[in-house]
Amino acid sequence: MGRLISDKIRRGRAVSLSVNGSTVTAYEGETLAAVLLAEEVVVFNRTASGEPRAPYCNMGTCFECQVKVAEPGSAAFRWMRACVTPAADGMTIRTGERLSAPERDHHGNGNNGGNSGGD
Amino acid sequence: MAMVITVAIAVATELAIVGAGPAGMAAAEVAAGHGVEVTLVDEQAVPGGQFLRQPPPQFGVSDWLGDPVYREGRRLLERVSADRRLEWIMRSSVAGIFSNGDDDGDEPFTLVLNPVGEGDSGEGGAPRQLSARRVLIASGCFDLPVAFPGWTLPGVMAAGGIQAFVKSQQLVPGKRFLFAGSHPLQLVVADQIVQAGGSVAGVLFAQSSSRALALLKHPSVLLGNADKLSQTAGILWRLRRAGVPVRFRQTVLSANGTDSLESVTTVPVGPDGAIDSDAAEEIECDRLGVCFAFSTSSELARQAGVDCRWDASRGGWIAKHDDNMASSVPGVFVAGETTGVAGSDIAALEGQVAAIGCAAELGKIDARQAVELARLPRRQLSRRARFARLLSELAWPGASLFDQLMSDSATLCKCEGLTVGMLRTQLGRHPDIRTASAAKLLSRAGMGLCQGRYCHFALTRLMARQLGVPEERVGGFTSRFPAKPVSIGRLIGDDS
């Protein structure tokens with residue numbers, strides 16, 4: 001759903017990263033959010049109840065754009081905000097993963113979800 | 001187990017400036033000019049803040065922000081970027097500001113810094129510590145989140161976030177855009193999208209055309225430099241030429257789609273401010289920019305103990321200050337949107353005044369010099385501030401519009417999966433819950449990673465209305481350390 005502007009622009013050096021198992025070319029200086037939108041990624045993560053989420057603020061405040069990232073040479077995936085994480089050669093990214101469930105049982109609120117949630 | 005904050009790197013400075021936007025940069029330049037040792041801290045990799053959101057250093061963009069509105073700001077950015085006297089700590093959040101409790105000490109404040117992006121879940125180095133004799137909080141603002149059904153659907157974004165993709169990343173993040181709001185920024189962003197070759201289905205203002213046009217004559221005051229009527233005329237002309245409809249008394253009712261935005265339902269807003277759901281229309285688009293107002297980033301100021309007051313149209317909780325921009329906490333100054341959203345040139349002037357105040361407190365200049373130096377920026381401030389306040393009232397759609405958009409199925413707290421209807425039910429069951437902090441404990445609203453930044457306005461408004469009290473009485477969520485998430489493992493120095 002994104003298109004890179006090419007007029008009067010010189011991007012950084014081309015780097016290669018893996019997005020959901022596919023090899024993707026990106027440019028140094030790009031944030032993962034820009035890389036993923038240019039690759040037509042729609043759902044960055046899902047909430048515990050399965051709702052799709054993607055960038056909202058694009059300034060590091062809302063935490064809606066989190067994706068699972070393994071640094072180059074590492075197999076350990078961590079949640080990172082895509083909008084403040086620069087693309088690096090050899091990174092591995094997984095999108096659409098589910099965030100862990102919030103503990104919602106302390107106040108008996110857990111069963112209130114039934115009468116809502118419809119978009 | 002006692003929690004010990006690990007100190008990986010500790011540095012000391014005379015003046016710590018939190019936020020390298022127009023206010024922070026202007027303050028840094030003036031303070032350094034009077035011999036103050038300055039360290040700026042910012043979350044982004046490069047200075048400029050949101051107004052001057054720079055492309056990454058690896059990019060070459062030949063006419064970045066070529067519009068004259070940005071000229072002054074770009075010059076300031078160029079000067080401070082080349083200023084060898086300044087110290088920078090970039091890609092770091094400030095998680096907390098602590099008073100060391102001994103005002104006679106050399107560095108009465110400690111700022112706990114949290115490096116950004118080395119793994120938000122705790123990988124990487126421990127937080128750093130910055131000691132300072134004075135602190136200036138210039139933490140800026142963010143797009144006001146507005147709760148309506150579908151606002152968390154992929155494709156719905158803050159207009160400022162869309163703009164940052166264009167300004168900084170040189171990416172047009174969508175195929176067909178729609179903008180809905182009440183703030184003139186949405187025209188600027190729509191124009192930038194059109195100029196970058198994107199398609200814009202429309203720009204919807206909730207206000208009447210007369211009210212919006214009064215505003216459109218002077219949007220640059222809200223956005224940057226004053227008196228740039230030609231700028232607006234140029235924007236409106238380009239949008240018209242591109243066939244982009246600009247409509248008034250129209251707003252968003254819901255964002256629709258399964259896994260991403262497919263269409264937006266829009267409704268007319270009557271002269272009495274009431275939306276007319278029976279006259280709803282549907283507009284197809286894959287990107288909606290929401291652009292009503294801005295919310296101050298007040299968490300750090302409130303965590304530091306700075307007195308704030310509620311002013312919805314100026315950003316929610318805004319920091320109180322004196323003529324020198326000193327806050328209620330001795331040694332802590334505030335400038336820019338933190339003191340009420342008013343745009344970048346007012347932010348820069350406030351930064352200058354704050355820097356003069358700091359320089360005087362640090363003994364770099366005497367009181368008489370300080371008064372003399374502050375005379376010009378203060379005069380410019382009082383002239384522009386009055387005007388900016390009028391304009392922010394014109395840009396404010398009125399809280400009752402938000403009340404109507406906040407229907408029961410709308411998500412209230414996106415992090416905890418709480419809807420407006422769920423909170424209303426819980427509050428109805430617990431009439432003793434009368435403050436935002438109590439509602440947080442009851443409902444978990446505000447307990448997620450954004451730490452209440454995206455629900456506090458809606459929650460405060462909903463409670464004020466339900467209880468029939470002013471927002472001030474509902475109060476803010478108590479703002480505690482850390483002001484941005486830090487993993488416990490990282491704090492105690494255990495990264496495993």
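1. A:Glu30 is buried, at a relative accessible area of 3% (buried is under 20%, exposed over 50%, partly exposed in between, with a 1.4 Å probe and protein chains only). Keep in mind that this is a predicted model, where local features need pLDDT of at least 70, side-chain atom pairs count only at pLDDT 80 or more, and totals for chains, interfaces and linings use all residues. Residues are numbered from 1 along each chain as its sequence is written, chains are lettered from A and ligands numbered from 1 in the order in which they are written, and side-chain values use heavy atoms, leaving out hydrogens and water.

2. Staying with A:Glu30, its side chain makes a polar contact of 3.3 Å with that of A:Arg11 (a pair of N or O atoms within 3.5 Å, one able to donate a hydrogen and the other to accept it; residues adjacent in sequence count only if both atoms are side-chain atoms). A:Glu30 sits in the loop between strand S4 (22–27) and H1 of chain A (helices are DSSP runs of H or I with at least four residues, strands runs of E with at least two, numbered from the N terminus).

3. Next, a backbone check. Most residues other than glycine have a negative phi. A:Glu40 has a positive phi, near 65°; this residue is in the loop between helix H1 (32–38) and strand S5 (45–46) of chain A, and is partly exposed at 44% relative accessible area.

4. B:Arg249 also has a positive phi, near 55°. Look for B:Arg249 in the loop between strand S13 (246–248) and strand S14 (250–256) of chain B, partly exposed with a relative accessible area of 28%.
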